[in-house]
Amino acid sequence: MKNNMPEVWRTGERTLRFSFGEVISSEVYQSVHSFSDFLISEWNHYLEEVVPSYHTVTAFFKKSSILDTIRIEEVLEKWKSYKRDSTHSITRKITIPVCYEEPYSEDMERIGQIIGRSKEEIIYLHSEKIYTVYMIGFLPGFPYLGDLNPKLFVPRLDKPRVKVPRGAVGIGGSQTGIYPIESPGGWNIIGRTPLEIFSLERENPFSLKAGDLLKFSSVSKEEYQSIEWEMKNDSSANHRFIKEVDI
């Protein structure tokens with residue numbers, strides 16, 4: 001990317017991919033989603049779908065022949081003067097309760113040894129940050145949260161676990177995220193939320209979406225178990241605990 005201009009590749013018979021570099025940041029996030037809107041405004045009658053990711057936008061066209069007739073250079077020239085929304089897609093500000101105590105924080109001690117920080121410092125550094133949900137992927141409902149405090153950067157596991165429990169909160173590299181279902185995974189687990197981030201039993205299975213601002217709230221083991229009990233006995237509990245707050 002140069003001067004906020006994406007690089008362009010033809011990646012299939014009906015697809016173009018626009019790349020805004022390889023850096024994960026809020027600035028790139030805004031560019032990606034503004035550019036998605038821009039493509040739709042320019043090419044909507046040609047497009048089947050536009051798919052934004054961390055730092056790319058993939059455009060799927062209705063027919064392969066369209067790619068032989070559109071003028072990409074002219075569209076990119078228009079992008080230079082396109083009015084971009086600096087707060088694009090920020091939909092909600094929410095908080096998620098997380099217990100950082102054992103047995104929900106199985107990698108906490110090892111992480112502390114790697115980065116030379118106490119458990120209390122790790123909890124503070126992880127929970128004081130306000131994260132943007134950059135994208136949902138990997139698993140249904142898995143939120144990729146960038147901009148982790150650099151003091152918490154640790155590599156992912158050399159050998160992924162066969163089973164990571166639902167609700168596990170992990171860190172890996174510059175990212176943090178929440179496992180919405182039990183699955184294999186290679187992120188370092190530092191806590192767990194009792195909330196259901198994804199559930200097919202709800203009309204809207206996804207609790208989070210791209211653009212949400214998210215903050216983790218540290219809770220005790222007793223508070224975790226209390227919320228977990230409510231979740232099992234009240235179908236509306238998840239909605240009550242995931243709500244807009246002033247952060």
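**Exercise 1. Find how the residues lining the largest pocket divide by class.**

Let's start with the classes: the lining of the largest pocket has three nonpolar, six polar and four charged residues. Here Ala, Val, Leu, Ile, Met, Phe, Trp, Tyr, Cys and Pro count as nonpolar, Asp, Glu, Lys and Arg as charged, and the others, Gly among them, as polar.

Next, the space: the largest pocket holds about 290 Å³. A pocket is an open set of points on a 1 Å grid over the protein atoms alone, where a 1.4 Å probe fits, with protein on both sides within 12 Å along at least five of seven lines; lining residues have an atom within 4 Å of a point. Of the 13 lining residues, Arg 92, Asn 204, Phe 206, Ser 207 and His 239 are the closest to the centre of the largest pocket.

Before going on, keep in mind that this is a predicted model, in which local features need pLDDT of at least 70, side-chain atom pairs count only at pLDDT 80 or more, and totals for chains, interfaces and linings use all residues. Residues are numbered from 1 along each chain as its sequence is written, and side-chain values use heavy atoms, leaving out hydrogens and water.

**Exercise 2. Describe the second largest pocket and name the helix that gives the most to its lining.**

About 180 Å³ of space lies in this pocket. Its lining includes Arg 166, Arg 192, Tyr 224 and Lys 232. Helix H5 (residues 221–233) gives the most, with four residues. By class, the lining has four nonpolar, one polar and five charged residues.

**Exercise 3. Work out the geometry of the pair Phe 142 and Trp 187.**

Begin with the count: the structure holds 18 aromatic pairs. Rings of Phe, Tyr and Trp (its six-membered ring) pair if their centres lie within 6.5 Å; planes under 30 degrees apart count as stacked, over 60 as edge-to-face and the rest as tilted. The centres of Phe 142 and Trp 187 are 5.4 Å apart and their planes stand at 80 degrees, so this pair is edge-to-face.

**Exercise 4. Explain why strand E5 is largely enclosed.**

Of the seven residues of E5 (residues 93–99), five are buried, so the rest of the structure largely encloses this strand. Seven bridges join E5 to the parallel strand E13 (residues 213–219). Lys 93 has Leu 213 as its bridge partner in E13.

Methods. Buried < 20%, exposed > 50% of the residue type's maximum accessible area, 1.4 Å probe, protein only. Helix = DSSP H or I, 4+ residues; strand = E, 2+ residues; numbered from the N terminus. Pairing = 2+ DSSP bridges. Points joined across faces, edges and corners; volume = space filled by probe spheres on them.
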